[in-house]
Amino acid sequence: MATLSLQNVQKSYGGLQVLHGIDVELEDGGFLVLLGPSGCGKSTLLNLIAGLDDISAGDIRIDGRSVIELAPKDRNIAMVFQSYALYPTMTVERNIGFGLEMRGVNGNERSAAVKQAADLLQISHLLDRRPANLSGGQRQRVAMGRAIVRNPDLFLFDEPLSNLDAKLRAEMRTEIKRLHGRLGTSVVYVTHDQIEAMTLGTKVAVMKGGYIQQFADPQTIYEKPANIFVAGFIGSPSMNFVTGTLTSDGRIARFEASGVRVEIPSNSDEMFDARPAVLGIRPEELKVDDGESAMLTGTIDVVEPTGPDTMVTVRIGEQPIVARLPSRFSGKAGETVGLIAHVNSMSLFDYQTELRVPL
Ligand SMILES: Nc1ncnc2c1ncn2[C@@H]1O[C@H](COP(=O)(O)OP(=O)(O)OP(=O)(O)O)[C@@H](O)[C@H]1O
Ligand SMILES: [Mg+2]
């Protein structure tokens, strides 16, 4: 187990800077998820931690010790790649034990370590097979087994589930969580899947364009997104955004747009008068209320039952929003509907900067 500290980590390729000063701390035994869209620099950051690429500026510390001068093999890190990178001609047993074999660990000790990892991953019955004769999920387990036997201070995972179908992904996600619970080893895990980030991470760093957009625990990222990008990236269906104006006297912040009127208690000293702003409301927080207290009023556009819930698209003025309502919802397209949500679940963002407005 180990702590990890990334301090102003920068990376440039020639004149192109792809990481702009990344600061992240991971506690001992923690699970850090690097989350962001394709090309945001997740793999680059992971490769720097592993030592597969050189850092341009800043520092990487494991257990308080700078590792940037250390070769990958001296960092006591094990990495699981998206492609698994198994040796096709070797059996599962030899694939898992190969790193130990290279380090000169003797046969008995190696077999014991491989057996233990295989038991943990429930692939003991597959030890004599070759990778070509395994399913995607089984290959994934072999790749994890190879990382586990090295007993590292830190696991690095680069999109380990992206080659699997949806059902298997969900199963392996649970498996990784269970494994982390049992081994307690610190993990850095790269994904662009927000569900993986939310379910696995003790800390999530949301990245875009080589910058950290927000670094916090998953609940904070979900409830108090730092900006519109983070708000839209986390949650499915995505958070609704409504453009309007925000007026605050320091005690009550009032958001208004066509068909929308929301009053949120505020403790901020900042006062504004009709400042352009964006209101963010999660689809799952909306409820029907056709009475006086309705905050949003609009026309039902589309009703889509999914089984457990019904997704309802409502036009508020010109702006469409989605509400995830109970399956018993009986409204029809063309009807008028009123909606409410708890004010604590809403977010407000500055229209210009797209940053969260603290209230
Ligand atoms: N060796 C390289 N030389 C030049 N540019 C590179 C190099 N490696 C990566 N990049 C660039 O750095 C940026 C970040 O790449 P990176 O692979 O870290 O993204 P990522 O977040 O892992 O994306 P994905 O989700 O697609 O794997 C990209 O714009 C990429 O083109
Ligand atoms: Mg990548």
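This is a predicted model: local features need pLDDT of at least 70, side-chain atom pairs count only at pLDDT 80 or more; totals for chains, interfaces and linings use all residues.
A polar backbone atom of Gly39 is 2.8 Å from an oxygen atom of ligand 1. For Gly41, a backbone N or O atom lies 3.0 Å from an oxygen atom of the ligand. With Ser43, by contrast, the side chain takes part: one of its N or O atoms is 2.8 Å from an oxygen atom of ligand 1.

Although Glu159 is not a glycine, it has a positive phi of about 45°. This residue is found in the loop between strand S7 (154-158) and helix H5 (166-183).

The peptide bond that runs from Ser236 to Pro237 is cis, and its omega is near -5°. Pro237 has its place in the loop that links helix H8 (228-233) with strand S11 (240-248).

Attention now turns to the packing of helices. Two packed helices are described by the angle between their axes and by the distance between those axes. Helix H2 (residues 92-102) packs against helix H3 (residues 107-121) at an angle of about 130°, and their axes are 9 Å apart. That makes H2 oblique to H3. The crossing of this pair, H2 and H3, is right-handed. On the H2 side, the residues that meet H3 are Glu93, Ile96, Gly97, Leu100 and Glu101, while H3 brings Arg110, Ser111, Ala113 and Val114. Sorted by class, the contact of H2 with H3 has 4 nonpolar, 2 polar and 3 charged residues.

H2 also packs with helix H4 (residues 136-148): the axes of H2 and H4 come within 7 Å and cross at roughly 35°. Here too, H2 passes H4 in a right-handed crossing. Val92, Asn95 and Ile96 of H2 make this contact together with Val142, Gly145 and Arg146 of H4. By class, the residues of the contact of H2 with H4 divide into 3 nonpolar, 2 polar and 1 charged.

Note on methods:
Residues are numbered from 1 along each chain as its sequence is written. Chains are lettered from A and ligands numbered from 1 in the order in which they are written. Side-chain values use heavy atoms; hydrogens and water are left out. Axes are lines fitted to C-alpha atoms, for helices over the stretch in contact, and angles run from 0 to 180 degrees between N-to-C directions. Helices (H or I, at least four residues) and strands (E, at least two) are DSSP runs, numbered from the N terminus. Angles under 35 degrees count as roughly parallel, over 145 as roughly antiparallel, 65 to 115 as roughly perpendicular and the rest as oblique. A crossing is left-handed if the near helix is turned anticlockwise from the far one by less than a right angle, and right-handed if clockwise. Contact means heavy atoms within 4.5 Å. Ala, Val, Leu, Ile, Met, Phe, Trp, Tyr, Cys and Pro count as nonpolar, Asp, Glu, Lys and Arg as charged, and the others, Gly among them, as polar. A polar contact is a pair of N or O atoms within 3.5 Å; within protein, one must be able to donate a hydrogen and the other to accept it, and residues adjacent in sequence count only if both atoms are side-chain atoms.
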